[in-house]
Amino acid sequence: MFPTCRMVILGAALAALTLPPAARAQTLRVGASAPVTSIDPHYHTYSPNVSLDAHIYEPLVDMDAASRPIPRLALSWKLVDNTVWEFHLRPGVKFHNGEDFTAADVAYTIDRIPRVKNSPGSYAIYTKAISSVEVVDPHTIRLHTKQVYPLLPIDLTQVYIIPHTLGADPATEDFNSGKDAIGTGPFRFVSYKSGDRIEMDRNDNYWGPKPDWQHVSYRMIPNDAARTAALLSGDVDFIEAVPTTDVARLSHDKKLHLAETVSLRIIFLWLDHRGMTPHVTGPNGEKLDHNPLTDLRVRQALSMAINRNAIVDRIMQGAAIPSGQFLPKGSFSYVPGLNPPAYDPAKARQLLAAAGYPKGFRIELDGPNDRYVNDGKIIQAVGQMWSRIGVQTAVNAITWPSFIGQANKGAFSAFLLGWGTSSGEASNPLRSLIATRTPAKGWGAVNRGFYSNPKVDELLTTALATADDAAREKLLQQATTLAMDDVAFIPLHNQKNIWAMRAGLTYAARADETSRAQEVHPAK
Amino acid sequence: MSGMAEIAPAAPETPLQRFVRDFTSNRLAVGALVVVLLIALAAIFAPWITPQNPYDLAQLDIMDGRLPPGASSAAGMTYWLGTDDQGRDMLSGIIYGLRISLIVGIGSALIAGVVGSTLGLVAAYAGGRVETAIMRLVDLQLSFPAILVALMILAFLGKGIGNVMIALVLVEWARYARTARGAALVERRREYIEAAECLALPRWRVLFRHLLPNCLPPLIVIGTIQIARAITLEATLSFLGLGVPITEPSLGLLIANGYQYMLSGQYWISFYPGLALLLTIMAINLVGDQLRDVLNPRQQR
Amino acid sequence: MTAWLLRRLVQAAFVVLAMTVILFIGLHVIGNPIDILISPEADQADRARAIAALGLDQPLWRQYALFLWGMLHGDLGRSFVFHEPALQLIGERLPATLELAVSAVLLAIVIGIPLGLYAGLYPNSLLGRSAMAGSILGFSLPTFWVGLMLIMLFAVRLGWLPSTGRGQTALLFGIRWSFLTRDGLAHLAMPAFNLALGNIALVLRLVRSGVRETLPLDYVRFARAKGLRPARVVGVHVMKNIMIPVVTVLGLEFGGTIAFSVVTESIFAWPGMGKLIIDSINVLDRPVIVAYLMIIVLMFVAINLVVDLLYTFLDPRVRLEDRG
């Protein structure tokens, strides 16, 4: 296996032949972890697409590395009335086709989004709060909402602006072919090979700081081992989503550099809160006439039985932090002091006995095995831990398509899921995950544990109508604390986002998991 | 292709003796047969010879995860081949994994063999529309690539050893049918069948008592090779995430799990199961190869 | 001949129809692609809208009828994920897979035939024996395992070859190919070899056993007795006889090779159809899955046709009518 000297020299010579040295210095080759499905920034709400779009297009409001809103195409924004947001736009910005960026483009973009054809995940979820658009002057725009809607600037971080000169309803195909792939971003689109790569060139007329790279080759390498191998062999300069299994080795490699930050993605276990649940039986497999998971003490016991530090250390290899709430420290509406329960199997047994299950019960723990980092391994580890407090756990990991279909139908009793809070604040998970299922309001849309707590709902209602940031944060913190004390679900950990790159590069790791070539710099 | 019955009379030994002598003429094949037998014994007696039940979550501890070969657990047990990320003893895992691989391989080959050969024999013997119908079905089956069919079937059925076997049987039966029909067509024209038919023996009796035994040699060869194929296919499917459940890993799944640790130097998690898989398949293939040489009369001339 | 061709085509059409029905029902049972595709932040109304946008709110029979109607007009539907016509999507990926599969088959011929000839002519020589042992190894090695080992060795340890992807391409007949550039060839080497491994072993063994069966036959003995040069005996008389099984098996295996490239493509991140189908199954992208399998079946039918025609060419004793 070990190369002799001559082989190394030969290898280096061959490697050098494949790319001319000049191109190499100016080109950044990115290894992305998931395939981009479209160049149309309004076609599919899918994080790999958003990650790529940030090179070519720009939103009014952007997120900084810690997922706090910062100005991008808008210089500033404020509430001029309870239901009217006013945005002042950045002057002197030009699209890749040379046209000026103005308020007309913003109005055009907001108008187009709900009409994109066949969208499997429409961006309208980020614009539906807007009831009307008022262009005040070329660099001022007012967005009216039906009700007080404090989250609008955050929703708009997902809305990438395209020029209104593209005409009525440009087709998604024309973005993929490059004809309409026109934005204001730091790179301009060159070519897109579906499932393989996207090539981009620097936008030399960019209004902001110029990227260090003349050319970006954005390659899609979904296979974890292949992506790491591509970095090790020098095929790419920069990879995202470094597999946790390779972190230790890569961090010791002097030719490489790693960047990491805590993600907004939390991994948690849902417990079924319905009166009857499909996969819980008595200790000898007998049917139960009720669902033990509706007892708070049982939920507390199950949470307490989990050694989160062991999972983080052994399964995640340090690439996560144990968590007791939706968001990591430093986020808006993070609750200081709300930590996960300490690992205490003895107390967990006591709680189970107190709840009337001295001999435990049988449960099936389900989860995907191809969706989240180490998902299948995590549920096996939890299965070990639950078995030790007398809850005999059958672990069942299946592929995501069949898993999520069954989860939506309520076919599970306990199951693993993840949630990436793209808004960076707690109203988003509270509304989607925790609030009582109310289709009319769009609440509890993915409340797959059928949790319902009127007090939480009430606090959330008030919070969403509160424009004042400090007051709203407080309400969200109260709602979070209530839900967590009630063990609405069992939080496990927040993942860490890890990038690896060749030595001599730096990257400010982003909490939102996106990879941006313009933020990769040669080390000074 | 002629049966052995025809060759045997000239020799003073029985067909079985001759078969044994022919088979043992290749020392490599004998070695392979010994390996196959050892693996089979280990798999059968797995619960009694392994230090741990690798499928019982309560016996595993992630704190013992990814220990190198020779390391000891907190409880004082030695992991001779190391542990995987769940703290599963690799030696126990491999032996249990072999068990699953063999069950899946032999089970699917047997079922597919019985179903396929019966259909093939019936086709050859009945002729006419029955034959056309069966053989069209065979062509249809063979016109789909095995891996894709198995992929789709498992996508529909979900994971599980039983489902993997169903998928493999559906993928494999057609080869037996084709082989059985081919062999039977040759045998049918022989005198002994004509004689049996003249005696007005029942059809099923002619089919299974006279035709089948003489078509067996090529079927045995195919069967051996198919066992190896089935084991490989199961490993590949598990590697793609569609095979057996993760709490009961087969060799393919053990390799897939360890595959992520290769680059970080924890080679043992996928190296040893890989070695075990390779050894098993090679041994079966070697035995099958020798069987082919021994049972193929054309090369004996 | 015409009747035979016609019958074959009708059969193929029937197979394709049966397959599409099974796929429609099966995929419907597995789940709803919207569950996988939609943003988790979408609410119930968004979800209903997205389902309607893809036409998945219609009853299944209606969706199937619409599909058939489209098929009659040469339209197999648009991918749920990419919003591009499924055929176009597959068409874009087809050359990459074909290139890989053809390279693998060529490798199998270039390596397998000479080794097989040698092993057949000199079965007891060291090389002959090692070739045979090696062929069993070739059969036994799981593709995914070998793929990873190749990457470990040649890309990571030695750094000779690029680990993944397709590399630079050049235009020929309006299609981009890797084998025309040095960089592309370097990218092609490992996946092609990985995919060829089983075929090399297969060809080697076929040729060897063919040679061993042919050598004792009367016409070869006669040719030898006539004093023909050994090279000619082997090159013409023996080769002619063993080419039939080799052509048949390679032809049939070509389809299998294309299908099996699923594994190779996902390990080497080769942007071909195999990777597309795995991704499509993962998101239940029905139009792509259906179109892909239709293409594969038609390809198999075409390959079988060609093999049968070649058969008659190589061995005039075989009559098409006999082969139904």
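How many residue pairs are in polar contact between chain B and chain A (both at pLDDT 80 or more)? I counted and got 9 residue pairs. Before going on, I reminded myself that this is a predicted model.

**Entry 1: chain B against chain A**

I stayed with this pair of chains for a while. On the chain B side I sorted the residues that touch chain A by class, and they came out as 10 nonpolar, 6 polar and 5 charged. Then I looked up the contact itself: 21 residues of chain B meet 30 residues of chain A. The two chains bury about 2,300 Å² between them, and carbon and sulfur atoms give 51% of that.

I also wanted to know about charges. How many salt bridges are there between chain B and chain A? I found 1 salt bridge. It pairs B:Asp85 with A:Lys377, and their closest N and O atoms are 3.4 Å apart.

**Entry 2: chain C against chain A**

Next I turned to the other partner of chain A in my notes. Here 53 residues from chain C and 61 residues from chain A take part in the contact. The buried area between chain C and chain A is about 4,600 Å², with 55% of it on carbon and sulfur atoms.

Then I went back to the charges. The interface of chain C and chain A holds 3 salt bridges. One of them joins A:Lys128 to C:Asp46, with 2.9 Å from N to O. I also counted polar contacts between chain C and chain A and got 14 residue pairs (both at pLDDT 80 or more).

I checked which helices of chain C face chain A. Several supply at least two residues each to the touching side, among them H3 (44-53), H5 (86-121) and H7 (143-157). Of the elements, H7(C) gives the most, with 6 residues. By class, this side of chain C has 27 nonpolar, 11 polar and 15 charged residues.

**Entry 3: the layout of chains B and C**

I stepped back to see how these two partners are built. Chain B has 12 helices and 2 strands. Read along its sequence, the pattern is α-α-α-α-β-β-α-α-α-α-α-α-α-α. Its C-alpha trace spans about 75 × 50 × 30 Å along the principal axes.

Chain C also comes to 12 helices and 2 strands. From the N terminus on, its elements run α-α-α-α-α-α-α-β-β-α-α-α-α-α. The C-alpha trace of chain C spans about 85 × 60 × 35 Å along its principal axes.

**Entry 4: strands inside chain A**

Now for chain A itself. I started with strands E15 (residues 362-368) and E16 (residues 392-398), which run parallel and are joined by 7 bridges. Within this pair, A:Leu365 stands opposite A:Val395. What do E15(A), helix H13 (residues 375-388) and E16(A) make together? I noted a right-handed β-α-β unit. I then spotted a link to my first entry: A:Lys377, the salt-bridge partner of B:Asp85, has a number that falls inside the range of helix H13 (residues 375-388) of chain A.

Strand E4 (residues 74-81) and strand E5 (residues 84-89) of chain A share 6 bridges, and A:Ser76 stands opposite A:His88. A hairpin with 2 residues connects E4(A) to E5(A).

The other pair is strand E8 (residues 187-193) with strand E9 (residues 197-202) of chain A, antiparallel over 6 bridges. In this pair, A:Tyr192 has A:Ile198 as its bridge partner. The hairpin has 3 residues between the strands. A:Gly195 takes a positive phi near 80° there.

The one I looked up within chain A joins A:Arg516 and A:Asp62, at 3.0 Å from N to O. Where do these two residues sit? A:Arg516 is in the loop between strand E19 (505-507) and strand E20 (520-522), while A:Asp62 is in strand E2 (residues 61-63). The pair links distant parts of the chain, 454 residues apart.

Conventions
Residues numbered from 1 in each chain as written. Chains lettered and ligands numbered in written order. Predicted model: local features only at pLDDT ≥ 70, side-chain atom pairs only at ≥ 80, totals over all residues. Heavy atoms only, no water. Pairing = 2+ DSSP bridges. Helix = DSSP H or I, 4+ residues; strand = E, 2+ residues; numbered from the N terminus. Right-handed = clockwise from strand over helix to strand, strands pointing away. Contact = heavy atoms within 4.5 Å. Buried area = accessible area lost by both parts, 1.4 Å probe. Salt bridge = Lys/Arg side-chain N within 4 Å of Asp/Glu carboxyl O. Polar contact = N/O pair within 3.5 Å; in protein donor to acceptor, adjacent residues only side chain to side chain. Nonpolar A, V, L, I, M, F, W, Y, C, P; charged D, E, K, R; others polar.
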